[in-house]
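Please read the points below alongside the model. They cover a charged patch, a set of aromatic rings and some backbone angles.

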Amino acid sequence: MASFVTEVLASSGKLEKEDLSSKISKMSRKVEDTKEEVCDMMNKQYSDFLPSLQQSEELMVQVDEVAKEMDVLKNCIETEVQQNIHVSVAEYAKLKQQLEKNTIVITMLEHLKEFHSAMEGFNKALVDKQYVDAANQLERARASVDSLKVWKTSQLPLLSALSSELTVQRENLIYHLGDEWKSLVIWRLPSSKEPAGLKSFLKVELNLSHSEEKPPALLCCVLQALAIQGDLQHKIKLFSQVLLKTMLKPLVMYPSLSVRVTEQQGEGTTMALQCLEESPNEKSTPSQVYSKLLLVLSTLRSHLLDVSIGDKKLSAILGELIWEEISQCIIHECLLYSIPTDSSQLETYNTVIKETEEFEKSLKEMEYLQGDSTELLKYARDVNCHFASKKCKDVIVAARKLMTSKMHNTIKITPDYKLRLPKLPAPASELKVKQETTKDEMTMENTKQLSAWSLCLPACRISESVQQLMELALNTLCEAVGSSTQCALQLFFTVRNIFQLFYDVVPTYHKENLLKFPHLAAIQHNNCMYLAHHLLTLGHHFSARLPQPLSEGVATFVDMVPGFRKLGAQCFLAQMNVQRAELLERLSTAHNFCNLDDEDNYIAASKAVRQVIHQLKQLGTVWQDVLPVSIYCKAMGNLLNTAITEVIAKIMMLEDISSEDGEHLHTLCQTIIEEGPLVFIPLAEENKNTKYQEEVPLYVRKWSSFKELVIVLRANLQEIVDRWADGKGPLAFEFSSSEVKNLIRALFQNTERRAVALTKIK
């Protein structure tokens with residue numbers, strides 16, 4: 001009985017195995033047939049574009065049935081294998097491998113089915129304008145294609161066709177979404193050929209679609225579909241660029257532009273730029289800018305941007321795109337020009353800071369802004385720093401303008417001239433000293449006082465621009481008094497930069513004129529001495545009233561004084577060298593004063609002397625009332641001395657002077673003696689110049705020598721010997737014995753009397 005049961009069971013198992021094998025074979029053939037039919041159908045629809053709706057539906061049903069049969073067969077085989085694993089591992093492993101291969105094919109067929117159904121759903125949703133559903137269906141189809149690409153064993157020929165179809169349908173969806181966007185958001189812009197300006201911006205309009213809902217439901221669908229397809233960022237970026245260029249920035253830059261918002265039944269909401277009236281201000285005030293921008297942004301949010309995309313509002317996305325650029329525009333086109341130019345106005349700037357805070361608060365409420373204070377608010381709050389920077393920039397610009405202006409507009413400086421120093425609050429240390437001063441101490445002062453004119457500038461003329469430059473420096477230092485430490489430091493060193501700029505710019509900018517015109521060279525000399533004079537005490541006047549570390553000795557200009565004195569001296573000396581060279585050039589045409597008995601030579605020498613006198617008189621007139629008297633006399637004396645020294649040298653070089661030549665030389669030299677002092681006219685009042693004309697020997701070193709030479713030219717031998725007076729006479733003080741002997745040999749013939757006279761000159 002037991003063996004019978006065993007045989008029955010064995011026979012049963014064997015039959016079941018054989019039945020399973022045949023079933024798997026049949027199933028494999030069925031799977032392959034189904035695969036071929038599905039691929040053929042997909043090729044026809046997505047590659048060859050042949051209509052086969054009924055056939056495709058039947059195939060989809062067939063795929064489902066085969067999949068179910070496969071599941072049943074799989075369960076059966078797994079159960080059988082588990083029961084008989086010790087008997088037929090190899091056989092069942094082979095069957096399982098075949099089954100897994102079939103499973104892979106079935107999975108691929110299911111992905112193809114999923115792709116097909118997703119595309120069908122996409123087409124239907126697109127026709128019904130269900131854009132969110134269409135975008136989701138397209139994403140399903142994309143996921144199916146991506147799954148097919150994952151299988152390394154899949155070499156479906158139609159995979160490229162499916163990918164192409166997916167790309168085409170995505171572009172189709174984007175195109176439809178773009179059309180819907182254009183119908184909901186309509187820009188009217190000026191022609192691109194028209195130059196950007198106030199008139200062109202008046203043609204800008206933005207029309208937002210009409211709907212009772214705000215924002216419209218269709219707009220929400222379009223935006224969400226764009227987000228699903230990953231194209232929303234690009235679309236909003238393009239919108240933000242047009243918005244910035246044609247509406248937001250012009251509203252900041254043009255104070256006369258404003259926004260007109262109109263809502264009309266059936267036409268939607270329209271925002272347009274309009275010009276109400278010509279604004280007297282060149283730049284908009286911050287409150288005007290903020291109010292105009294908030295009107296635009298609030299209208300956009302209520303009609304367009306109040307849509308959630310994921311966990312963010314669309315207004316937040318737009319805000320990220322436009323905020324940096326529009327905030328920089330507000331800073332450079334509005335806030336920069338609202339910064340006070342005077343420290344007394346700084347307190348009133350708190351209003352602007354509050355307006356900026358309210359502006360940012362409103363933007364945060366509308367979700368355009370995230371987080372804490374931005375660069376805009378930081379800029380407004382740093383008003384002290386910006387005030388100092390703006391003030392410094394304005395001061396440097398004004399100073400440079402003064403330095404490059406014409407120098408010949410002058411004002412008279414007298415010894416009693418004083419800088420108009422403002423009244424400054426007394427420093428605490430000074431008040432303390434005054435309180436401790438007693439009456440006894442007040443009487444302890446030296447009875448001998450310095451003259452009121454001690455350390456005063458001599459009378460002269462300086463450029464009006466230099467006086468204005470000094471006043472600019474004083475006003476800037478006054479701004480530094482009472483300012484914050486950072487602000488005071490900036491302003492103080494800006495004043496130093498003003499003077500350093502003068503030192504570098506003026507000699508370079510006016511270089512050609514300073515060499516060409518002696519009048520300007522004299523003025524530049526005076527300008528430098530004027531600045532050096534006041535720089536000595538300028539720092540001392542303000543240092544005690546400035547914050548630390550300026551009050552501890554840093555605030556000084558004394559180190560710049562030697563440089564300015566040297567600059568003025570070099571400029572004037574350069575002009576003196578030019579004049580000296582011209583004098584020598586004129587005297588070079590006198591043919592060395594030889595053979596004056598020849599008429600041509602005498603005319604040339606006489607002309608040279610007249611030209612020298614004329615040049616000196618011209619200089620005397622040009623420098624009159626410009627240079628300080630002492631400098632004037634030294635300069636004119638130096639030039640006259642140059643001419644006289646040259647004449648003396650030329651005469652002393654002559655080896656033979658006839659009596660007629662001597663007369664001519666005497667006449668020419670006498671002309672210089674008579675007219676030379678007349679070039680000393682430092683003052684405009686003629687009667688006051690006599691004193692300086694009488695003091696010519698003080699300023700012309702060779703004047704006495706020249707007068708002695710003139711006497712010798714008409715003197716006889718005895719008179720010359722008498723003036724020598726054994727080396728103690730006036731002639732001996734001016735000339736050496738060898739020079740006098742050479743002069744005697746040139747003037748007199750070789751006689752016994754000349755020989756006797758020469759022996760006495762020793």
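1. Helices (H or I, at least four residues) and strands (E, at least two) are DSSP runs, numbered from the N terminus. Asp598 is found in the loop between helix H20 (561–587) and helix H21 (599–623). This is a predicted model: local features need pLDDT of at least 70, side-chain atom pairs count only at pLDDT 80 or more, and totals for chains, interfaces and linings use all residues. Residues are numbered from 1 along each chain as its sequence is written, and side-chain values use heavy atoms, with hydrogens and water left out.

2. Asp598 is partly exposed, at a relative accessible area of 36%; buried means under 20%, exposed over 50% and partly exposed in between (1.4 Å probe, protein chains only). The accessible areas come from the Shrake-Rupley method with a 1.4 Å probe, and for residues only the protein chains shown count as cover.

3. On the surface, Asp597, Asp598, Glu599, Asp600 and Glu660 gather in a patch of negative charge. Patches are made of residues with over 30% relative accessible area and no salt bridge, with like charges joined within 9 Å and nonpolar side chains (Val, Leu, Ile, Met, Phe, Trp, Tyr) within 5 Å. A salt bridge is a side-chain nitrogen of Lys or Arg within 4 Å of a carboxyl oxygen of Asp or Glu. Asp and Glu count as negative, Lys and Arg as positive; His and the chain ends are not counted. Each charge is placed at NZ of Lys, CZ of Arg, CG of Asp or CD of Glu.

4. Rings of Phe, Tyr and Trp (its six-membered ring) pair if their centres lie within 6.5 Å; planes under 30 degrees apart count as stacked, over 60 as edge-to-face and the rest as tilted. By this rule the count comes to 14 aromatic pairs. Phe492 and Phe493 form an edge-to-face pair, 5.1 Å centre to centre with 80 degrees between the planes. Phe492 is buried at 1%, whereas Phe493 is partly exposed at 36%.

5. Phe499 and Phe564 are also paired: their ring centres are 6.4 Å apart and their planes at 85 degrees, so the pair is edge-to-face. Phe499 lies in helix H17 (residues 485–509) and Phe564 in helix H20, so the pair ties together parts that are 65 residues apart in sequence. Phe499 is buried at 0%, and Phe564 is buried at 1%.

6. One aromatic cluster is formed by Phe492, Phe493, Phe499, Phe502, Tyr503, Phe557 and Phe564.

7. Asn592 is not a glycine, yet has a positive phi of about 60 degrees. Asn592 sits in the loop between H20 and H21.
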